[in-house]
Amino acid sequence: MSYSDKTNVFGQDVDLNGHLRPSVLLAKLEDAGSRQMAAFPPSNDDLRARGMAFVISRLLLRIDRPLREGEVADARTFPTTSRGVSYNRCYRMFSGDECVAEAYTSWALLNFREHKLVRIGETEPIGGEQETPIDVGIPMREPFPPAEAFETAAVREVYFSDADINGHLNNTKYLNWLCDCVPDIAHRTLHTANVSFITEAPLGETLTILRAEVGGRYFFRMQRTDGKLCCEAVLGFADSEKFANR
């Protein structure tokens, strides 16, 4: 069952082009999901009290028009077809009757006390009634360029302000970090994102962000000091001025 949550776009939510930052958009969508779970328990707090927490494994995001300061938007979300250890959830963001963004996500439910994943059916239904998944028009997996095509774009440490309650780089922060590594980003607006979250990035970890550009799209790998990949991502952009006139 779809859940609706009204949200406002404030001045601190937008970038220098006046566009809602992708990380804030994602945070607002995920917050609607948390509110739906609270309305149809167990909530995230209920699960945490039982030693469990959701961690994201895949994000497919398409932004058709950036929200601007002062807009009142409607974040809508619902759980969708899930199996095995993948708990899937969809999101839409509306401004009035206009759908400005859609997202499909996959999550794993981790029992951190027993250090294992919780399979579908091992708990009560979570997050309300399921609906048909959204096709955001982004392939789930794409072939990556060869290793030699990648260059180091940035080296960053996970600071306290980046970490969530689980002590890891919050999943919404990844979009900030990756967009910061795109050349001439002030003239670009994120249009599509496909992010595979592989291994957590703990507080204090130093991450190397590797970047390759193919046909105007940017491929990323984020790597820990132990060599493990935190994520792989493919980002597509639109010209900020043209995007603003949509």
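This is a predicted model: local features need pLDDT of at least 70, side-chain atom pairs count only at pLDDT 80 or more; totals for chains, interfaces and linings use all residues.
Q: Is H115 buried or exposed?
A: H115 sits in the loop between β5 (98-111) and β6 (116-117). Its phi is positive, about 55°, although H115 is not a glycine. Relative accessibility comes out at 68%, and the cut-off for exposed is over 50%. That makes H115 exposed.

Q: What is the relative accessible area of D184?
A: D184 is another residue, not a glycine, with a positive phi, here near 55°. Look for D184 in the loop between α3 (173-180) and β8 (188-197). D184 counts as partly exposed, and the relative accessible area is 48%.

Q: How many bridges join β8 to strand β11?
A: Start with β8 itself, which is mostly covered, with eight of its 10 residues buried. β8 and strand β11 (residues 229-239) run antiparallel, and L190 stands opposite F237 in β11. The number of bridges joining β8 to β11 is nine.

Q: Which residue in β8 is the bridge partner of R58?
A: Strand β2 (residues 52-63) pairs with β8 too, in the antiparallel sense and over five bridges. For R58, the bridge partner in β8 is S196.

Key
Residues are numbered from 1 along each chain as its sequence is written. Side-chain values use heavy atoms; hydrogens and water are left out. Helices (H or I, at least four residues) and strands (E, at least two) are DSSP runs, numbered from the N terminus. Buried means under 20% relative accessible area, exposed over 50%, partly exposed in between (1.4 Å probe, protein chains only). Two strands pair if DSSP finds at least two bridges between them.
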